[in-house]
Each structure stands twice: as C-alpha cells, then as structure tokens.
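Biologist: Can you put the model up on the screen? I would like to go through a few parts of it with you.

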Amino acid sequence: MKIGSLFSGIGGLELGLERSRLGSVSWQCEIDPFCQRVLARHWPHARRFEDVRTVDATAPSVDVICGGFPCQDVSLAGKRVGLAGERSGLWHEFARIIGELEPKIVVVENVLGLRTSGLPRVLADLADLGFDAEWADLAASDIGAPHQRRRMFIVATHSERVNVRLEPGWLERACRKAAAEHRLNSADGIDPDADGLRRLEQARRIATERGWSRHVGWELDNATGMDDGFPAWVDVGSARKALGNAVVPACAEVIGRAIMEAIR
C-alpha cells in the first residue's frame with residue numbers, strides 16, 4: 001500500500017507502519033523546519049507538504065492516511081477546549097483531506113485526553129465519510145520501552161474499499177496480545193529491552209554526577225533516541241520538542257501488524 005502522512009513530526013508513525021510491512025510512504029506533511037530535515041534524510045523520495053491546509057485532491061493518491069493531529073487543546077495538561085481550539089481543531093483539515101483523497105484506511109494517533117474532549121466528533125466525522133473505526137490505547141512501556149507515553153490509536157476502514165475479516169474489537173485485542181507477548185518474553189528471560197534499560201540507567205548516573213535534576217531522558221541522545229527507535233545522531237537541543245511529540249515507532253508497528261492481520 002501507499003501511505004500518506006499528516007502532522008508527520010520526525011516520522012515515528014509512518015516508520016512503524018513501514019516496519020510492519022503495511023506499505024511505503026508516498027508523501028508527508030510537516031510544518032516544522034527541523035522535522036522537515038529529518039524527514040528528508042530518511043524519506044528522500046517522498047513528496048513533502050509544509051501545511052495541511054494546502055493538501056488537497058492534487059496530492060498523490062494513497063491507500064493509507066495516517067497522522068497525529070496537534071494535542072494541545074485536548075490534552076489533560078491543557079485548557080481542554082477540544083476540537084474548537086486553534087491547534088487541535090486542525091482535525092477538521094485531517095477529515096477534509098480524508099474526504100478528498102478517499103483512502104482505504106485511516107490511522108489517527110493522539111493523547112488519551114481525546115477520549116473526553118473530541119473523540120465523539122472524530123468518530124462521527126469518520127462515520128460521515130463512510131469509515132468504521134476501532135480504537136485502543138497502547139503505551140511504550142507495554143512493549144518494553146522504559147517509559148509510559150500511553151497514546152490512543154484509531155484505525156478506520158472504508159467497507160467499500162477494504163474488507164476487515166476480524167470481529168469488532170480486533171485492534172484492542174491486538175494491542176493486549178502485543179503487551180502480553182512482551183511480558184511473556186521478559187518472564188522467560190528473553191528481554192529485548194535489557195540494553196535500553198542499561199543505557200537509561202547510564203544516563204541517570206551521568207545526570208546525577210553532573211547535577212542535572214530535570215529532563216534526564218533528554219540529556220543524552222543515545223538514551224533518548226535509541227530507546228524509542230530513533231537515531232542517536234540528531235542534535236539534542238533541536239530534537240527535544242520533536243522527540244517529545246513523536247510516536248514511538250514500535251507502537252505504530254504493532255498497529256500496522258494488527259491492520260495487516262485484520263485485512264489479510
């Protein structure tokens with residue numbers, strides 16, 4: 001399949017979908033200059049847009065549109081104005097693009113605050129466009145990362161464009177299965193995250209020695225980037241915001257594999 005990405009950031013969501021073998025990235029949309037440079041390095045052949053408001057039916061046709069629209073207005077840490085807010089209100093542009101490009105599958109990522117500050121509107125918009133939606137929560141820690149970063153994932157499929165062969169609830173079951181498999185592997189002594197935990201402890205030790213009291217995870221890019229599946233070469237100062245907003249690729253890979261199983 002061909003994948004189009006909105007609000008791409010540094011590409012964590014589409015990287016995970018590619019790793020699941022769901023498809024390959026055709027185009028991306030991201031307004032931040034630093035993130036644009038990261039995307040250009042890793043997807044040199046993809047077309048890039050700078051503003052979601054300029055993406056329209058002239059964009060290359062894709063099978064999957066994915067994106068994590070801005071969370072500031074739905075986050076539990078924000079003012080909770082919901083999709084009426086200037087930033088989270090960009091969901092309406094997301095929905096417009098879905099309607100114009102008519103993909104088979106839509107993948108949406110956002111913070112858990114969306115449940116109580118916008119989810120009904122998102123689901124209603126998807127239904128109006130002919131999509132059936134499944135949603136589930138998945139944390140980085142569920143699959144072995146040494147931090148939480150729990151996020152909501154919504155997968156919507158258009159019944160006239162792709163067939164889903166599993167019973168309702170398939171996305172939630174897939175996420176629980178991935179978390180259970182990780183716990184089983186850890187219990188059996190097959191822990192793929194031991195190196196990540198070792199590096200996190202190393203970062204904490206160095207932070208203590210140097211007197212750092214906050215943002216310990218950001219101070220060493222080899223502890224920050226690699227634990228989440230991002231490269232360690234990025235400049236830490238410029239990457240702090242980008243990494244903070246990013247989707248953990250391993251979580252997106254779980255979602256991609258679930259989609260593959262559902263439509264197989």
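Modeller: One term before we start: helices and strands here are DSSP runs, a strand being at least two residues of E, and they are numbered from the N terminus. Keep in mind that this is a predicted model.

Biologist: Fine. Which strand does Gln-28 lie in?

Modeller: Gln-28 is part of β2, the strand that covers residues 24–29.

Biologist: Is Gln-28 buried or exposed?

Modeller: Buried: its relative accessible area is 0%. The cut-off for buried is under 20%, so Gln-28 counts as buried.

Biologist: What is Gln-28 in contact with, leaving aside neighbours within four places in sequence?

Modeller: Its contacts include Ser-5, Ser-8 and Glu-14. Leu-39, Trp-43, Ala-46, Arg-47, Arg-48 and Phe-49 are also in contact with Gln-28.

Biologist: You mentioned Glu-14. Which residues of α1 are buried?

Modeller: Glu-14 is one of them, along with Gly-12, Leu-13, Leu-15, Gly-16 and Leu-17. That is six of the eight residues of α1, so the helix is largely enclosed by the rest of the structure.

Biologist: And what follows α1?

Modeller: Arg-21 does, and its phi is positive, near 70°.

Biologist: New topic. How are the faces of β4 covered?

Modeller: β4 is residues 64–67, and both of its faces are covered. Val-64 and Cys-66 are buried on one side, Ile-65 and Gly-67 on the other.

Biologist: Why do they go every other residue like that?

Modeller: Because side chains in a regular strand alternate between the two faces of the sheet.

Biologist: Which strands does β4 pair with?

Modeller: β1 pairs with β4 in the parallel sense over four bridges, and Ile-3 has Val-64 as its bridge partner. Four bridges also join β4 to β5, again running parallel. There, Ile-65 stands opposite Val-106.

Biologist: What do β4 and β5 make with helix α3?

Modeller: A right-handed β-α-β unit, with α3 at residues 91–101.

Biologist: Last topic, the largest pocket. How much space lies in it?

Modeller: About 1000 Å³. The lining has 41 residues, and Phe-7, Glu-30, Gly-68, Pro-70 and Asn-245 lie nearest the centre.

Biologist: Which element gives the largest share of the lining?

Modeller: α9, with five residues. Among the others that supply at least two each are β1, α1, α2 and β5.

Biologist: And how do the lining residues divide by type?

Modeller: Into 17 nonpolar, 13 polar and eleven charged.

Conventions
Residues are numbered from 1 along each chain as its sequence is written. This is a predicted model: local features need pLDDT of at least 70, side-chain atom pairs count only at pLDDT 80 or more; totals for chains, interfaces and linings use all residues. Side-chain values use heavy atoms; hydrogens and water are left out. On a 1 Å grid over the protein atoms alone, a cavity is a set of points where a 1.4 Å probe fits but cannot get out, and a pocket is an open set with protein on both sides within 12 Å along at least five of seven lines; lining residues have an atom within 4 Å of a point. Grid points are joined across faces, edges and corners, and a volume is the space filled by probe spheres set on the points. Ala, Val, Leu, Ile, Met, Phe, Trp, Tyr, Cys and Pro count as nonpolar, Asp, Glu, Lys and Arg as charged, and the others, Gly among them, as polar. Buried means under 20% relative accessible area, exposed over 50%, partly exposed in between (1.4 Å probe, protein chains only). Contact means heavy atoms within 4.5 Å. Two strands pair if DSSP finds at least two bridges between them. A crossover is right-handed if, with the strands pointing away from the viewer, the path from the first strand over the helix to the second runs clockwise.
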